[in-house]
Amino acid sequence: MMYTQYKCLYHLHHSRAVHQQLGLYLHSLKRTITKIASQSNLSNLNSVPRVSCQYGKLKQCRRPRAGEYSISGRNKHNLCDYHRLFLSTISTQQHCQSRGYCTEKRGTPPWRILFFGSDVFSVKILQALQENRSACSDTLVETLDVVSTKGQNSVKTYAETVGVSIRDWPIPDLTGCYDVGVLASFGYLVPGKVIRMFPHGILNVHPSLLPRWRGASPLVHTILSRDKVTGVTIMKLRPKHFDVGTVLAQEKMLVPDGCTTPQLLDVTARRGSHLLLRTLGTLSTIQEKEQVKDGVTYAHKVRPAMAYIDWDRQTMEEIQAQYRALSHMMPLRSELNGYPVKLLDMNIVGEDDVAGAAAAAAPGTVVFDKKQKILCVRCQNGWVGFENIVFKKKMSAQAFYNGYLSKVAERKLLLDSIKNGLDTESYMQRVLQRV
């Protein structure tokens, strides 16, 4: 057996989907690979060309002799049918043709789609494609496969539930297998060689009105910046930078008052799904346009430091937006005499609720409102309230008052003010910079 076949089966050994099925065959084979590689000066397996090796596509390999570690033809093809994999001695292009694929560029739907995604937003877009694929008539999707990050995630869970084939990132050369790629919240920068595999490119469903909020966390920054208007954009990927490609379609929408990041995700995902399907329906005739150069902002990744509150510099409105944007990921934080504090379940506080403490209270001052039974904390221009707190352990505002506030002078405590870069001046300077 030529070494190429060992190389391909070595990759099979590390595929989670087939590992359990192959069992001891590949356990023994891996040991054989290492032994042969050390004897033939090929100890570095990565130095061997992959020659279209995805899940064991073999090239230029003869039938193994008796006694060599291999899989019988019947077991091999049973395994392929079960996992929708492909083991053969033909090239990737021939592989696509053997599955009924045409390597020529299609001009009209239905499309053969490869989907890229990794999180909850991705699942909602994938669900719309799968439902369209399953429709009885007027389908835009002929075939649908998924590429996702390694390890279990919500996209893989959904794909396994509905029987969609899954590939782990990175992927091999699949030229001719698909017409168009669709990406939604994938998390990886897709290189040009992958984009060029698709005759119609890769479409990105982005939950903002590009060029505003390019980057990893557009929904969080939409709420942090207290935007009144947002939307969804369908754009074509370009290599090297995130969210700089040509725009195919955009749809504006109002940001619901007081919404949180998960709530905004639901709304934009629903709008994005509908806009994507309309775009796929007219993909060959859409006129692409470059993004405008004005109004570019960057939605940088969420950092743990963003959960801290700067009582001296942040206003009530900024802290409320911070809570709505981040509380689904992590609680708001502060410190009390150097000890960490987590603030949970924010409430709006009126000046009348803390009239007695409002006159001379410094930013960070904590008082207890007996009427609403919440902890009120002074910020730059007013008060914010919290129903629960974690200080050494989780407790209600009433319990914190009984155990701590009621035992100190004037029944007040002072939380430390910690810079987080979310005051208006610092925040706007940062989001205008790419890095």
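A residue is called buried when its relative accessible area is under 20%, exposed when over 50% and partly exposed in between, with a 1.4 Å probe and protein chains only. By that rule F116 is buried, and so is F186. The structure is a predicted model, in which local features need pLDDT of at least 70 and side-chain atom pairs count only at pLDDT 80 or more, whereas totals for chains, interfaces and linings use all residues. Residues are numbered from 1 along each chain as its sequence is written, and side-chain values use heavy atoms, with hydrogens and water left out.

**The seven-stranded sheet**

- Helices (H or I, at least four residues) and strands (E, at least two) are DSSP runs numbered from the N terminus, and two strands pair if DSSP finds at least two bridges between them.
- Seven strands form an open sheet with mixed pairing, in the order β3-β2-β1-β4-β5-β7-β8.
- Because β3 (165-168) and β8 (247-254) stand at the edges with a single partner strand each, one side of each is left without a neighbour in the sheet.
- Strand β2 (residues 141-148) runs parallel to β3 and is joined to it by four bridges, and D145 is the residue that stands opposite S165 in β3.
- Helix α10 (residues 261-281) lies across β1 (111-117), β4 (180-184), β5 (202-206), β7 (229-236) and β8, and runs at about 145 degrees to β8; axes here are lines fitted to C-alpha atoms, for helices over the stretch in contact, and angles run from 0 to 180 degrees between N-to-C directions.

**Nonpolar cores**

- A nonpolar core is a set of buried Ala, Val, Leu, Ile, Met, Phe, Trp, Tyr and Cys residues joined through side-chain atoms within 4.5 Å.
- In the largest nonpolar core, which has 51 residues, I113, F115, L129, L276 and L280 touch the most other members, and α10 supplies the largest share of this core, eight residues.
- With neighbours within four places in sequence left aside, L280 is in contact (heavy atoms within 4.5 Å) with P109, W111, I113, L129, L140, V180 and L203.
- Another core, of 26 residues, lies apart from it, and L336, V366, V384 and I389 are among its members.

- Strand β16 (residues 413-414) pairs with β12 in the antiparallel sense over two bridges, with V366 opposite L413.
- Strand β13 (residues 374-378) also pairs with β12 in the antiparallel sense, over four bridges, and I374 in β13 is the bridge partner of D369.

**Aromatic rings**

- Rings of Phe, Tyr and Trp (its six-membered ring) pair if their centres lie within 6.5 Å, and planes under 30 degrees apart count as stacked, over 60 as edge-to-face and the rest as tilted; by this rule the count comes to 12 aromatic pairs.
- F116 and F186 form an edge-to-face pair, at 5.5 Å centre to centre and with 80 degrees between the planes.
- F116 lies in strand β1 and F186 in the loop between β4 and α8 (192-195), so the pair ties together parts that are 70 residues apart in sequence.
- W169 and F186 also form an edge-to-face pair, at 5.2 Å centre to centre and with 85 degrees between the planes, and both W169 and F186 are buried.
- One aromatic cluster is formed by F116, W169, Y178, F186, Y188 and F198.
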